[in-house]
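Subject: A structure for you to look through

Dear colleague,

I am handing over a structure that I would like you to open and read alongside this message.

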Amino acid sequence: MAIGHSPDDTTMAMLTGHRHAMREADFVADWSFEDQQRSGGQRHIALVAHDHMKSELADWAGHNRDLLARHRIYATGTTGRILQERLERSVDLFLSGPLGGDQQIGAGIAQGVIDALIFFWDPLEPQPHDPDVKALLRIATLWNIPVASNRTTADMIVTSPLFSGNYTPVPPPFLRGEAPGDDAARTAHVQG
């Protein structure tokens, strides 16, 4: 949680009873990568938060409710349920992060379905699934999608005219036939 910022009552009420409570719902997900039609300017955004950052992400999403309404939202288990309540809309739910949700989001990125990752991770708390988190951030970087790890970066990404416009990211080097470190090919692509 940011210094000087405390979650509002709605966020705290949503968090009550959610933290560390494993339920049968944590083992299923209601998403599918089928029928992923997009309307003009719509993005598919994955929202993820570690336990101590869920209130911060819920507050950020509430502040950006109208902007997010134009986009399809995906989220891991508990975070997704909190966001559904906060945003009063449906969210495509993956498994809880430690139970495979991070890998599911990574698969969506690799398949070209997920366009952006907003991941409020907790830099002060070790996570038992740190390798999964690192793998997710690696996939997002590999596939050249925007990634925000904090509120300021998330604001800058979603309010950019490129985000809601017809911007198409540059494909990753391996899809352009470039070898890693092939600066000549990269320069030719940028200039061409």
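What follows is a description of what was found, going from the whole protein to single residues.

Before anything else, please keep in mind that this is a predicted model, in which local features need pLDDT of at least 70 and side-chain atom pairs count only at pLDDT 80 or more, while totals for chains, interfaces and linings use all residues. Residues are numbered from 1 along each chain as its sequence is written, and side-chain values use heavy atoms, with hydrogens and water left out.

**The protein as a whole**

The protein contains nine helices and five strands, where helices (H or I, at least four residues) and strands (E, at least two) are DSSP runs numbered from the N terminus. Followed along the sequence, they give the pattern α-β-α-α-β-α-β-α-β-α-β-α-α-α. Of the 192 residues in the protein, 44% are buried; here buried means under 20% relative accessible area, exposed means over 50%, and partly exposed is in between, with a 1.4 Å probe and protein chains only. The protein exposes about 10,300 Å², and carbon and sulfur atoms supply 56% of that area, as computed by the Shrake-Rupley method with a 1.4 Å probe, where for residues only the protein chains shown count as cover. Among contacts (heavy atoms within 4.5 Å) with a separation of 6 or more, 72% come from residues 24 or more positions apart.

**The sheet**

The five strands form an open sheet in the order β3-β2-β1-β4-β5, with parallel pairing; two strands pair if DSSP finds at least two bridges between them. At the edges stand β3 (92–93) and β5, each with a single partner strand, so one side of each is left without a neighbour in the sheet.

Strand β1 covers residues 44–49, and six of its six residues are buried, so β1 is largely enclosed by the rest of the structure. His44, Ala46 and Val48 point one way from β1, whereas Ile45, Leu47 and Ala49 point the other way, and all are buried. Four bridges join β1 to β2 (residues 72–75), and these two strands run parallel; within this pairing, Ile45 has Ile73 as its bridge partner. Five bridges join β1 to β4 (residues 116–120), again running parallel, with Leu47 opposite Ile118 and Ala46 partnered by Leu117.

Strand β4 is mostly covered too, since five of its five residues are buried. On one side are Ala116, Ile118 and Phe120, and on the other are Leu117 and Phe119, all of them buried. Two bridges join β4 to β5 in parallel, and Leu117 has Val147 as its bridge partner in β5. Two bridges also join β2 to β3, which run parallel, and there Ala75 stands opposite Leu93.

**Rings and a charge**

The structure holds three aromatic pairs, that is, rings of Phe, Tyr and Trp (its six-membered ring) whose centres lie within 6.5 Å, with planes under 30 degrees apart counted as stacked, over 60 as edge-to-face and the rest as tilted. One of them joins Trp143 and Phe174 edge-to-face, at 5.0 Å centre to centre and with 90° between the planes. Trp143 lies in the loop between α6 (130–142) and β5 (147–148), and Phe174 in the loop between α8 (161–164) and α9 (183–191), so the pair ties together parts that are 31 residues apart in sequence. Trp143 is partly exposed, with a relative accessible area of 23%, and Phe174 is partly exposed at 39%.

Elsewhere, the charged end of Arg43 sits over the ring of Phe163, 5.9 Å from its centre; this term requires NZ of Lys or CZ of Arg to be within 6 Å of the ring centre and within 35 degrees of the ring normal.

**Two buried residues**

Asn64 is placed in the loop between α2 (54–63) and α3 (65–68), and Asn64 is buried, with a relative accessible area of 7%. The side chain of Asn64 reaches the backbone oxygen of Trp60 at 3.0 Å. Leaving aside neighbours within four places in sequence, Asn64 is in contact with Asp155 and Val158.

Ile139, in helix α6, is buried as well, with a relative accessible area of 19%. Not counting residues up to four places away in sequence, Ile139 touches Gly106, Ile109 and Ala110.

With best wishes

How values were computed:
Polar contact = N/O pair within 3.5 Å; in protein donor to acceptor, adjacent residues only side chain to side chain.
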